[in-house]
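Trainee: Can we go through this model together? I'd like to pick out a few residues.
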Amino acid sequence: MLKKLLGFNPATMNLKTEFIAGLTTFLTMSYILAVNPDILSAAAMDKGAVFTATALSSTVATILLAFMAKLPFAQAPSMGINAFFAFTLVQGMGYSWESALAAIFLEGIIFIVITFFNIREKVVDSIPLNLRYAISVGIGMFIAFIGLKNAGVIEANGATLVGLGKFTPTSLLALLGVLLSGALMWRKVKGALFYSIMICTVLGIPFGVTILPENFTIVSMPQSIAPTFLKLDFAPLFNLDMLIIILVLVFMDIFNTIGTLVGAAAQAGMMDKNGKVPHMKQALMADAIGTTVGAMLGTSTVTTYVESTAGIAEGGRSGVTAFVTGAFFLLALFFSPLFLLVPSAATTGALVLVGVLMMQSIREMDLSDISETLPAFIIILGMVLTYSIAEGIALGLLSYTFMKILTGQYRKVSITLYILTILFILRYIYY
């Protein structure tokens, strides 16, 4: 029965190993339960409701992947896209979080359609490989910048725009979290980011950084999801600007998911002789459904997590691993007071270390051709300096198209990218 439902082969797999692998994956990525509500609360969303939406969407997407794709991967709201949601869509462009959720919902529907009709390869192929790696690096740097800014390690400076902040209990706790996260990861501690967040949260209590509410308890009934459930506002979406935003969301989700699936499958030795990941379409469909359900519940785009490799390293090879991870996300609903207690300073280490991990994509980039390197550099720098993932991607893609035209390599630009270039130009003219 387990083989039919979850791909578990008793001849080559062990149930205890699969369980430990699932628990390992959960501990490694459970920091999202503290970080996602913290980031989305910057968009004026109810923190408790976002926690519940995060746990439920992770449960649904991961268990769907377990049964549909029978792979040992886990899914949760994407780091990077949640920052894009809060700091670009809402704070930067002025959309309400209800409208931003509607955009995420439409992105999920589009992802379902293009997965069903096998269009995703053409979408991915339209973006040059170098720029895909640059997007990953840029998002990593942007996430780290957000973490340092929120903790006051970096602050506004009238002379230089940004500068080093004052050494306060909050900023010192954040810096300790960065070093502690790095040290635990170096020691290959399973759940390093989770443990770092919890340690910093406890250390923050005597310094007034972590505020203990009255009658604090670790276990409680799940937080109400009513403040965010089905709060989708489609009215502001029907304009060119939002069309581009939804396309950017689709691209980011596809690259995140496919990149993670391929990388994790390669590590686990699960690719076939042609380099294909088994049940890739089903895994992508679970991701797309998870995103759609997550938007209805009240959270940003759901994607496959690279932390799944932690469980794979423990020997997870089937959907049983994913099922166990999803079950722990469901169980986490009853520990919301613990996760919601976490201050921003305690999550800084996780944000910076996620940035470090995403930075590793730079090793795959071709830096020998300036017509490739310059647009990639603009993407990375643009995301940080404009405080917007969307602007960084738009400026990078525009510069890529123009560089290829000016150097006589216009045939290397795909039709899809030419269309995107025109849409980006119209957007800037419109503004």
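Mentor: Start with lysine 188, in the loop between helix H9 (169-186) and helix H10 (192-203). Helices are DSSP runs of H or I, at least four residues, and strands are runs of E, at least two, numbered from the N terminus. This is a predicted model: local features need pLDDT of at least 70, side-chain atom pairs count only at pLDDT 80 or more, and totals for chains, interfaces and linings use all residues. Residues are numbered from 1 along each chain as its sequence is written, and side-chain values use heavy atoms, with hydrogens and water left out.

Trainee: Is lysine 188 buried or exposed?
Mentor: Exposed, because its relative accessibility is 65%. The cut-offs are under 20% relative accessible area for buried, over 50% for exposed, and partly exposed in between (1.4 Å probe, protein chains only).

Trainee: What is phi of lysine 188 near?
Mentor: Near 60°, a positive value in a residue other than glycine. Lysine 70 has a positive phi too, near 55°.

Trainee: Where is lysine 70?
Mentor: In the loop between helix H4 (47-68) and strand S1 (75-77). Lysine 70 is partly exposed, at 23% relative accessibility.

Trainee: New topic. Where does threonine 301 sit?
Mentor: In the loop between helix H12 (280-297) and strand S4 (302-304). Threonine 301 counts as buried because its relative accessible area is 0%.

Trainee: Which side chain does the threonine 301 side chain make a polar contact with?
Mentor: That of glutamate 107, at 2.7 Å. A polar contact is a pair of N or O atoms within 3.5 Å; within protein, one must be able to donate a hydrogen and the other to accept it, and residues adjacent in sequence count only if both atoms are side-chain atoms.
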